[in-house]
Amino acid sequence: MLRPRWIGVLVLCLAVAGAFAALGQWQLARAIESGQVVPTETESVRPLADVLEPGVGIREADAGQRVSVSGTWVPEDYLVVGNRVNDGTLGYWVTGHLATDRPDQAGLAVALGWTKDRETADRVAEALNADAPTGAVELEGRLNPPEGPEEPAADAAPTDLDNMSVAALLNRWNDADGLRVFSAFVVDDVAVEGLEPISSPAPSQEIQLNWLNIFYAAEWVVFACFAVFLWFRLAKDAWEREIEELEDAEEEAAALRL
């Protein structure tokens, strides 16, 4: 291994290993960079019009943003949505249809409060449908993306709503033909009378690493280690071959002396 030839091979293998290690470091840096959370200021209240337009999907960065919006409540569009968890307890939401103060009066689904009792939720919704608040209102709450459709429970009634799907609510609203709606819904900060406020904490900002880049980085480390191992293996094979040749030469010399 101390011969100039094998020292040269070692230098070459170390250079290759260094290049592989640099590539691994680059892949690891890419994984960390792509996994960094971009800080978002969700707790400053912004006008809904500055965050979302009707008929446009909500951006991931805007999910959980606190917004303000004004409009009027649409009578007879108060509905109960089940399968709602509030601070670890399963219950129900009462939701309303807010006709925003835009020129097109685009509809916005609003969660108005929570209760663990279905009878209470139905009673509040019926009371609101019978005597809906009138006049312009302004509310603040947290903007949330809509929930996807789910298969209803086997014992669920056809009219039951078990997820906060804006499309499902729209199908139940009155006079909704041609109505423009916001794709997301708002959880009101203040619960209506008879219900509890809905727990709506700020969205968590977790770092999700790019595991594909981490896998590539691990591969480059393996390649770097293999480059050094290759030098060792080649040097050892050459040494073992020389030993075998020396032993063969000694055996031939001993045979000739006999």
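**View 1. Hairpin of strands 3 and 4 in a predicted model.** Strand 3 and strand 4 form a hairpin with two residues between them. Asp87, in the turn, has a positive phi of about 55°. The two strands run antiparallel, and six bridges join strand 3 to strand 4 (residues 89–100). Val81 stands opposite Trp93 in strand 4. Strands (E, at least two residues) and helices (H or I, at least four) are DSSP runs, numbered from the N terminus. Two strands pair if DSSP finds at least two bridges between them. The model is predicted: local features need pLDDT of at least 70, side-chain atom pairs count only at pLDDT 80 or more, and totals for chains, interfaces and linings use all residues. Residues are numbered from 1 along each chain as its sequence is written, and side-chain values use heavy atoms, with hydrogens and water left out.

**View 2. Cover over strand 3.** Strand 3 (residues 79–86) is mostly covered. Six of its eight residues are buried. Buried means under 20% relative accessible area, exposed over 50%, and partly exposed in between (1.4 Å probe, protein chains only).

**View 3. Asp160 and Val80.** Asp160 is found in the loop between strand 6 (137–144) and helix 4 (166–172). Asp160 counts as partly exposed because its relative accessibility is 29%. The C-alpha atoms of Asp160 and Val80 are separated by 7.9 Å. Along the chain, these two residues are 80 residues apart.

**View 4. Glu250 in helix 5.** Glu250 is found in helix 5 (residues 211–257). Its relative accessible area is 48%, so Glu250 is partly exposed.
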